Amino acid sequence: MRFLRRFFIRLSNFTAGRRADQRLQEEMAEHLALQTEENLRAGMPPAEARRQAALKLGAAQAIREHHNAEQGLPLAENLLLDIRYAFRMLLRAPGFSLIVIATMALGVGATTAIYSVIDATLLHPLPYPNPSEIVHIEANLPGVGAHDVGFSIPELKDLQNSGIFQYVSFCFHGSENVTGSAQPTHIDGATVSPSYFAVLGVDAALGRTFDPHDASLGSNGEVIISDGLWKRAFGADPHIVGKSLRLDNDLFQIVGVMPASFRDQGQTSRERGTELWASDGFSDRTPPMRGTRLQYDTIARLQPGLSPQAAQGRLDALIASLKKQYPADYPPQAAWSIHLTPLAETLVGNVRQSLLLLFGAVGLVLLISCVNVANLLLARASARGREMAVRQALGAARMRLVRQLLTESLLLFVLGGITGFAVLFCARKFLLQFVPESLPRLNDISISWGVLAFAIVVSVAAGAIFGLAPAWLTSRLDLTTTLRQEGRGSNGSRKRSRLRHVLVIGELALSLVLMVAAGLLLRSFWDLFKVQLGFNPTRVMAIETTLPNPNDPKTDIYHTATQESVFLREALRRIRTLPGVEETAVSDRAALPLGHGQNDLRQRPLIREGQDVQSSQPPLIDTSIVSPEYFHVLGMTLLRGRLFADQDLEATPSIAVINQAAARMYWPGKDGKGEDPVGKRVSVRSRTAKPGWTTIVGVIADARTESLADAGIPQMYFDIYQRPAKFLALYLRGQVDPATISAQVRTQVQAVDPEIPVFHAETLDDVLSSSLSVRRFSMEMVALFAGTALLLAGLGIYGTISFLVHEQSREIAIRLALGAQRSNILRMVLRQGLTLAAVGAGVGLVAAFIVSHLMAGLLYGVSPYDLSTFAGVTAVLTAVAIAASYVPALRAMRLDPITTLHAE
Amino acid sequence: MKEKPDVLQGTLALMVLKTLDVLGPQHGWGIARRIEQISGDLLAVNQGTLYPLLLKLEHEGSVASEWGASENNRRARFYRLTVTGRKQLQTETRDWNQTAAIIARFFEVKAEDLP
């Protein structure tokens with residue numbers, strides 16, 4: 001208490017600038033007078049009396065200092081003085097200050113920029129309450145190589161009743177046609193279990209969310225809409241709740257509007273931009289079969305306080321008991337298992353590595369900036385040697401000097417950090433353009449207070465760490481030599497110059513690491529870019545459309561392939577008449593190369609005649625449904641057999657085309673040489689397939705339509721005129737104007753059926769380049785950072801060699817005067833630069849090996865120890881080091897011995 | 001010549017408080033003088049060190065000060081004990097006595113007293 005009281009009084013005195021000097025002077029004068037009188041009374045002569053009184057009182061100045069220190073806060077006062085002095089020093093050397101501030105602004109600004117991305121994506125991936133409770137549940141059949149096979153309704157019930165989860169929900173992100181209005185619109189919508197919003201833990205802004213205990217078998221006719229859709233399509237009608245809406249001719253009732261801030265969970269920006277949620281029980285009137293799995297994403301909210309690990313343990317026990325209970329449904333060779341992953345991880349999984357790499361790279365840039373600044377501070381230290389010596393000679397304590405020097409460097413670092421942050425803040429809109437759209441939670445990236453705090457903490461920490469060593473070394477000097485040498489600066493600096501060498505070596509090593517990383521990423525990107533696609537995306541445009549998908553099949557006018565083919569053939573014929581269009585094709589969305597969402601792609605069990613039995617677990621294969629022209633429009637090559645033809649119809653025998661990878665994997669032949677799959681019969685179950693066998697009629701060459709990095713994914717194609725599909729993509733090859741084509745195609749399609757929406761036109765070239773966008777982004781960023789690092793390292797070595805030349809100018813002048821060859825001098829200086837570069841490259845190569853090993857997962861087609869990259873980067877670094885030492889070396893060579901020696 | 005011992009750290013505050021308790025309001029010189037007298041000139045008080053201490057005590061609320069007239073009618077600053085200061089003096093006196101008693105007991109103990 002007493003201490004606090006004293007502190008606050010001192011603080012208030014300090015802030016108000018209140019001083020007690022006057023009072024003390026008076027008190028001391030009175031004290032002296034009283035003591036003198038006393039001495040006089042004791043019989044001393046007046047002069048002696050005054051002298052003794054003064055002696056007894058003690059040193060007046062020291063008392064005053066003590067008194068002042070007690071009155072205010074000396075630490076704070078000194079800090080203020082230091083800061084004021086630091087500002088003066090900063091203004092006295094504006095060039096130096098500017099370079100330091102700019103370097104730190106670069107380092108801190110870049111780090112903060114990447115941090116703001118990481119803050120939004122990795123640190124706060126789920127904008128829901130208690131996000132750590134939300135998990136993604138995935139069922140796998142590793143025994144037959146099938147992943148994410150989904151759950152059957154009985155299995156879902158088992159999960160719900162297991163006591164592990166509060167709520168479990170299916171969700172299926174798709175798209176919905178909103179019809180019945182003047183212009184049919186198409187929105188990204190999701191079909192979800194009634195418990196979906198209970199899993200996410202978000203309530204509606206208007207109305208309510210679904211009742212999580214709703215037990216309707218199928219749809220209960222309720223939908224919830226997003227704030228955006230509410231404002232756009234319903235004019236923000238406050239009485240919207242209870243009104244109805246038509247989706248594919250089915251009538252739905254709006255029960256709620258989500259808050260404006262709500263974003264759906266999902267992997268793609270389209271999924272996160274979902275605008276409508278329809279509730280569904282996902283089962284129909286027939287009793288649900290345990291083996292009939294629905295391939296929907298499954299998410300759940302764990303019981304509070306249950307960790308994912310503990311939940312996984314209880315889940316494994318549940319699986320074991322289910323396997324015992326239903327041995328027929330879970331054959332041991334399929335090895336059915338369920339895996340829990342925190343939802344946040346599944347959402348950012350694929351970009352986590354890239355972002356961490358970027359953060360690492362930008363961290364190295366920051367480190368290099370700091371090292372560079374520390375180097376500059378050391379260089380300045382030698383220029384200020386005399387100042388420090390004089391201060392020490394006048395009695396400044398070493399700690400006091402260190403504190404002052406540290407204040408100076410902290411001021412520079414913090415100013416740099418603030419500048420970097422300010423530039424980032426002003427340029428944020430501009431910079432966000434470069435972030436690929438596929439990044440999760442792109443829209444939530446913001447320059448927030450947290451980011452500002454990060455920038456300040458980083459600059460203060462950097463200033464403390466990298467300012468301390470120079471301050472320590474600056475304040476430590478041999479007084480007599482420094483003063484005697486009139487502060488020419490070359491003395492007592494052995495430790496300093498050793499530290500400077502270490503710093504430059506570190507800088508070179510760090511930039512080598514960055515350059516190797518950038519080089520490897522560049523090679524991977526280039527290899528992917530130059531990869532043989534197996535299909536031709538040029539001049540092909542894809543436009544999506546969706547046929548109505550009503551819940552009651554009786555109202556579906558496109559129920560059979562024959563019904564649908566009338567529409568498709570007429571629509572394609574009309575589109576072909578558009579100017580510039582040469583060829584057209586149609587497929588389901590699974591056949592859309594590289595661009596489709598995960599939900600479009602459904603693996604189906606493949607039963608080969610004579611090999612697989614219906615009841616065992618058959619292998620799963622990617623299937624898609626295409627029109628006969630699809631292969632030609634996309635330029636895919638037929639290797640064996642034939643493609644689909646016009647005479648293949650719903651009534652004719654069902655046929656399929658597979659790719660080479662499928663032929664290799666499923667018809668390896670007895671001797672492993674491969675057997676001809678043409679003519680083989682398979683059965684692939686799907687919603688729209690007729691029962692019975694399908695004959696394989698052709699094999700096409702592998703194409704990278706699923707993944708650029710993987711050519712060998714087995715594919716099976718069906719004829720759209722035999723198996724109808726609802727979610728379609730139209731393809732146009734030719735010279736078309738991307739800006740107007742969407743409207744033109746829409747006119748033609750709606751001339752056939754005015755209820756059908758047409759949307760999302762994209763050229764396949766764009767699809768291709770956006771599938772590379774995250775890779776391109778991280779490659780460009782790392783390359784940019786590596787370039788910056790190289791520049792900084794070059795400046796660092798230039799500064800150090802210049803300084804060495806300056807220090808050794810006397811020695812060089814003497815050598816020259818004694819007849820040394822100028823070329824020898826040049827070589828001598830260059831050798832010093834090269835030595836630094838060689839040591840730096842050596843250290844850097846070791847570090848680069850470690851780093852490249854860590855980033856192996858991000859590489860494609862290039863070994864993490866790629867010799868040419870390592871050699872090339874080392875060569876570049878050495879070249880830069882030589883170039884940077886060449887300028888000071890020339891200066892040394894042209895030194896005039898007479899002037900130099902005179903000046904000394 | 002042997003030097004007079006300096007005042008023990010922390011004890012000067014106690015002496016000041018006790019002096020003010022006994023004498024009532026006093027100015028700086030009065031306090032210094034009194035301490036020297038009582039110590040029988042065994043302590044050398046660098047009288048000036050008193051003033052920062054008085055300021056500290058004032059900040060802590062143990063003493064209060066105001067201007068007044070000294071014996072020979074000059075302006076002087078008078079210090080007096082506050083209620084907090086009196087309480088502080090009491091606790092510190094008790095603590096001091098306790099410490100002194102313990103130390104004294106240690107000095108009294110002889111080897112043969114130990115069991």
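Tutor: Two residues are in contact if their C-beta atoms, placed from the backbone, lie within 7 Å. By that criterion, the contact takes 23 residues from chain A and 19 residues from chain B. This is a predicted model, in which local features need pLDDT of at least 70 and side-chain atom pairs count only at pLDDT 80 or more, while totals for chains, interfaces and linings use all residues. Residues are numbered from 1 along each chain as its sequence is written, and chains are lettered from A and ligands numbered from 1 in the order in which they are written.

Helices (H or I, at least four residues) and strands (E, at least two) are DSSP runs, numbered from the N terminus. By class, the side of chain B that touches chain A has 9 polar, 5 charged and 5 nonpolar residues (Ala, Val, Leu, Ile, Met, Phe, Trp, Tyr, Cys and Pro count as nonpolar, Asp, Glu, Lys and Arg as charged, and the others, Gly among them, as polar).

E3(B) also belongs to an open, antiparallel sheet of 3 strands in the order E1-E3-E2 (chain B); two strands pair if DSSP finds at least two bridges between them. Strand E1 (26-27) and strand E2 (63-69) of chain B are at the edges with a single partner strand each, so one side of each has no neighbour in the sheet. E1(B) pairs with E3(B) over 2 bridges, and B:Gln26 has B:Tyr79 in E3(B) as its bridge partner.
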